[in-house]
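Here is a short report on one protein chain. Please look through the sequence and the model before reading on.

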Amino acid sequence: MVAALVAAALVASLAQAGDDPIDGAGPVFVPTPPAPQPDGGTGGDTRQAAAAQAAALAATEVSDTATAAITRELAAARSFCGRIVDQDYIVDCLASEIGDLADRMAESGDYAFVREQIAQASRSLSDLAQANRAPEKPRVRARREGAAPQLSSRPLTPTRAEALDDVLEDAANILEEVETTLLRSTQQGDERRVHFDRIAEAVGSNKVLLRSL
């Protein structure tokens, strides 16, 4: 009975989103963003871009390229998770996406402190979602289809609807702490300072997302 109600609720939310419904035990839906304008790219170009992004994330020395790769991933997390139809999954979605980012960053070098802060935020967000889990709803993956399909890196834990507002604020506070820590972590003249500031701003944009819901 409970499973049927969960499935019905998910189907209803998908119908409102204007997409074909999916099984209630399957992924939660992320509406496809507007398609980018054609730029003449090829499959090979896409693979090369992905390889370049992966290499930039694994960098051990600060550079505009590496910092741009990190901020791009944080923006992608905001875009993907912020578009989930069922908002009960958003907090753990961010935990999953930024945790995946941390896993792909170098454990040593100039960005090691950034990696540490992002990984800790991921754990804290995941713990927050787990502590406020909706027992009647399944853990499911978030999915986006279209020209740039995407699936969350792991199944996501839903938040209890009655606790969602408080959980969103607590999650925003976790990200705000990371933002502040990064801004204060370097001194004037430190080569990393401008890079950490840019990353802090990207973390802050995810905080703003949570407070806008």
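Contact here means heavy atoms within 4.5 Å.

## Basis of the model

This is a predicted model: local features need pLDDT of at least 70, side-chain atom pairs count only at pLDDT 80 or more, and totals for chains, interfaces and linings use all residues. Residues are numbered from 1 along each chain as its sequence is written, and side-chain values use heavy atoms, with hydrogens and water left out.

## Overall make-up

The protein chain has 7 helices and 3 strands. Helices (H or I, at least four residues) and strands (E, at least two) are DSSP runs, numbered from the N terminus. From that end, the elements run α-β-α-α-α-α-β-β-α-α.

The protein chain has 213 residues, and 43% of them count as buried. Buried means under 20% relative accessible area, exposed over 50%, and partly exposed in between (1.4 Å probe, protein chains only). Among contacts with a separation of 6 or more, 71% come from residues 24 or more positions apart.

F113 sits in helix α5 (residues 112–131). Its relative accessible area is 27%, so F113 is partly exposed. Not counting residues up to four places away in sequence, F113 touches T181, L182, S185 and F196. F113 and F196 are 83 residues apart in sequence, yet their C-alpha atoms are 9.6 Å apart in space.

Helix α5 packs with helix α6 (residues 164–184) at an angle of about 170 degrees, and the axes are 10 Å apart. Axes are lines fitted to C-alpha atoms, for helices over the stretch in contact, and angles run from 0 to 180 degrees between N-to-C directions. That makes α5 roughly antiparallel to α6. Angles under 35 degrees count as roughly parallel, over 145 as roughly antiparallel, 65 to 115 as roughly perpendicular and the rest as oblique.

From α5, the contact uses F113, V114, Q117, A121, S124, L125 and L128. From α6 come V167, D170, A171, I174, L175, V178, T181 and L182. These residues divide into 11 nonpolar, 3 polar and 1 charged. Ala, Val, Leu, Ile, Met, Phe, Trp, Tyr, Cys and Pro count as nonpolar; Asp, Glu, Lys and Arg as charged; the others, Gly among them, as polar.

## Disulfide

How many disulfides does the count come to? The count is 1 disulfide, taking a disulfide as a pair of cysteine sulfur atoms within 2.5 Å. The bond joins C81 to C93, with S to S at 2.1 Å. C81 lies in helix α3 (residues 64–82) and C93 in helix α4 (residues 90–104), so the pair ties together parts that are 12 residues apart in sequence.

The torsion about the S-S bond of C81 and C93 is about -75 degrees, so the disulfide is left-handed. C81 and C93 are both buried.

## S96 in α4

Helix α4 also holds S96. S96 is buried, with a relative accessible area of 3%. Leaving aside neighbours within four places in sequence, S96 is in contact with S153, R154 and L156.

## The sheet

An open sheet is formed by 3 strands in the order β1-β2-β3, with mixed pairing. Two strands pair if DSSP finds at least two bridges between them. The edge strands, β1 (28–29) and β3 (150–151), each pair on one side only.

Strand β2 (residues 142–144) pairs with β3 in the antiparallel sense over 2 bridges. R143 has L151 in β3 as its bridge partner. Helix α3 packs on the sheet and touches β2 and β3. The direction of α3 makes about 100 degrees with that of β2.
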